[in-house]
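The sequence and structure come first.

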Amino acid sequence: MKKFKKFTGLVVPLDRVNVDTDAIIPKQFLKSIKRTGFGAYLFDEWRYLDHGEPGMDCTQRPINPDFVLNRPEYRNASILLTRSNFGCGSSREHAPWALLDYGFRAIIAPSFADIFYNNCFKNGILPVILDEAVVSGLFRKARVVLGSKLTIDLKAQTITGPHENMIGFDIDPSHKQSLLQGLDDIAATLMHSKQIRMYEEDRRKEAPWLFGEPA
Amino acid sequence: MPALTLYDKLWDSHLVHQKDDGMSLIYIDRHLLHEVTSPQAFEGLRLSGHQPWRTDTNLAVPDHNVPTTNRENGIADPISRLQVDTLEQNCRDFGITQFAMDDPRQGIVHIVGPEQGATLPGMTIVCGDSHTSTHGAFGALAFGIGTSEVEHVLATQCLLQKKMKTMLLRVNSRLGPGVTAKDMILYLIGQIGIAGGSGYAIEFAGEAIEVLSMESRMTICNMAIEAGARAGLIAVDEKTVDYISGRPLAPKGTLWDRAVASWRELRSDPDATFDTVHEFNAIAIEPQVTWGTSPEMVVSVEGRVPDPAHEPDAGRRAGMERALAYMGLEPGTAIADIKPERVFIGSCTNSRIEDLMAAAEIVRDRRVASSIKQALVVPGSGLVKREAEARGLDKVFKEAGFEWRESGCSMCLAMNADRLDPEERCASTSNRNFEGRQGHKGRTHLVSPAMAAAAAVAGHFIDVRRLLDS
């Protein structure tokens, strides 16, 4: 898995609460059997004025000039600043895949939906939770100071910028280690194979119907 | 012995390993798969050379992309077809049971699991689908996962999890006549908000839950995720046991007796403590209709579209204004004056036999209003469809002007050909009214099956209790 250690990038402010996964990547693009290629369709219904379908050449589509990602000053943004409950709705991992494919490596918000939050860590995206007031402060700066860049240091758990006092953030130690080391979760779990087998032996005695035992 | 919640009991009985940092490995008893969130997981297995840890815990069914008409002709959209074919190939390659599109047992994965007895109390159940919370109605710990986790479960039979917080939603008294589980869960989401359950497993309890059928309990738990909670839970009782008895994958003989005895423990201890408790009164709940683009944007059918000007919080106000613009609604409009053009009865929330019976009762001897362009009934599975036909419900719907379709997710998320056109308004029994959910620029109003049927025959939203009285 992709590591995340220290990252500097341009911040784009997406000022909406409850951005759902249908908005992040609409369902028609979920028909793909690949993990890549979703970036062009990120926020498709907001980003373009026409109706998108898989396989379209997005460079030829009419863009919505009002949508913040389309504004020239936020081109090449790689840190998404947004509001509470980002990523609510479905479990589709296509949402973090689309964000990553577009170029986002970190998302800053007051809160995230549970499944989306988890999915980010599986893809090398750092979701940073900050107090509502701190997020509002970052919104003001991102709007006023064009080209505003931030540096996120996961090891130190800090966010710094030229116009910013250092901001600290909390993160679960296991999530932190997983991103810092780019751990392969499956390989790590299989280190516990013996314990899994032991659990199965015990469980089979207590609840044999869960193991396809004949009646 | 400390008093435990149902969630604590389920967690403890599946704990394989607890790490120092609080992350735990928990064992997964049942893994349900569908075509949309699994292909990349199987590809991952191939790339890493891993084999499924156990094949017998997996059950796969295509549901999101499948057509609901002329199924014998296959899938017209080549991209959808490839995805469904890929599931079939993956299941064949890895030895996983799949109910293919032409199997009478095919249906929406969350309808099929309970119907087959693949969903049992005391299990951990996961699926790459957020509405996996449905299965919590059986006293099982069930939640949606991403595709990386689908691969992880296939390869290891375990998941890395942190323990959730626990919330009790106690609903006292009973729902009034004509008010359903769907109204109850929409009302509860309106009360606690779509992020109210974030980080929690929600247990639903109280008299109003106890008197519900298993099918209604599934509707409640299905939408726990719409309150932000990955898992919904309801304690096991006689109804749970009766529902499972005799189903194809249910334990048989002496194993059945042993299983039932252990399932009876699956309830929160009387003095168990929850991190958060909310109490509600079911008698206060009226039939609900959503007016916006989030399930928490909901009011009683007798109410009006709210005015954002009265919302003190700036973020919420902006959200309401955007929702009203998207929905093409003015503040203060009476819900009963809103006229849908399409009606959709289906989805993993409301496509079981009880739902179809409730809708048919309203539709019987009535006609779909001439202003309605299309009214669809999409049964949750081939077996639900068969049972409905045995009861003559298909005739009731067709005579009234409804289309009677094959099973699948259909217009809940419009991955197949069933979708709204831009700015079309739909009375829908599904679970999400997000922008674009039922089709590009489509406008969704979430309601119960009876309320959807009532809107179909009236041509506008109407309190279904008025039709029941007449």
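## Strand pairing in chain A

Strand E1 and strand E2 (residues 79-82) of chain A pair in the parallel sense, over four bridges. Here strands are DSSP runs of at least two residues (E) and helices runs of at least four (H or I), numbered from the N terminus; two strands pair if DSSP finds at least two bridges between them. Within this pairing, Leu14(A) stands opposite Thr82(A) of E2(A). E1(A) is also joined to strand E5 (residues 149-153) of chain A, by five bridges, and these two run antiparallel. Gly9(A) has Leu150(A) as its bridge partner in E5(A).

E1(A) covers residues 6-14, and seven of its nine residues are buried. Buried means under 20% relative accessible area, exposed over 50%, and partly exposed in between, with a 1.4 Å probe and protein chains only.

## Basis of the model

The model is predicted: local features need pLDDT of at least 70 and side-chain atom pairs count only at pLDDT 80 or more, while totals for chains, interfaces and linings use all residues. Residues are numbered from 1 along each chain as its sequence is written, chains are lettered from A and ligands numbered from 1 in the order in which they are written, and side-chain values use heavy atoms, with hydrogens and water left out.

## Domains of chain A

Chain A is assigned domain 1 (6-183) and domain 2 (184-215), with bounds from an automatic or database domain assignment. Taken over C-alpha atoms, the centres of the two domains are 37 Å apart.

## The largest pocket

The largest pocket holds about 880 Å³ of space. A pocket is an open set of points on a 1 Å grid over the protein atoms alone, with protein on both sides within 12 Å along at least five of seven lines; a cavity is a set where a 1.4 Å probe fits but cannot get out, and lining residues have an atom within 4 Å of a point. Points are joined across faces, edges and corners, and a volume is the space filled by probe spheres set on them.

The lining of the largest pocket has 42 residues, with Val17(A), Asn18(A), Glu296(B), Met297(B) and Arg316(B) nearest its centre. Helix H6 (181-192), strand E14 (298-300) and helix H11 (314-327) of chain B each give two or more residues to this lining; H11(B) gives the most, with eight.

## Cavities

There are four cavities of 30 Å³ or more. The largest cavity has a volume of about 200 Å³. Its lining has 23 residues, and His64(B), Asp129(B), His131(B), Leu413(B) and Arg437(B) lie nearest its centre.

The second largest cavity, of about 120 Å³, is lined by 16 residues, with Cys88(A), Gly89(A), Ala113(A), Ile225(B) and Gly228(B) nearest its centre.

## Aromatic pairs

Over all chains there are 21 aromatic pairs. Rings of Phe, Tyr and Trp (its six-membered ring) pair if their centres lie within 6.5 Å; planes under 30 degrees apart count as stacked, over 60 as edge-to-face and the rest as tilted. Tyr187(B) and Phe280(B) are edge-to-face, because their ring centres are 6.3 Å apart and their planes stand at 85°. Tyr187(B) lies in helix H6 of chain B and Phe280(B) in strand E12 (residues 276-281) of chain B, so the pair ties together parts 93 residues apart in sequence. Tyr187(B) is buried at 18% relative accessible area, as is Phe280(B) at 11%.

Phe397(B) and Trp404(B) form a stacked pair, 5.9 Å centre to centre with 15° between the planes. Phe397(B) is buried at 0% relative accessibility, and Trp404(B) is buried at 13%.
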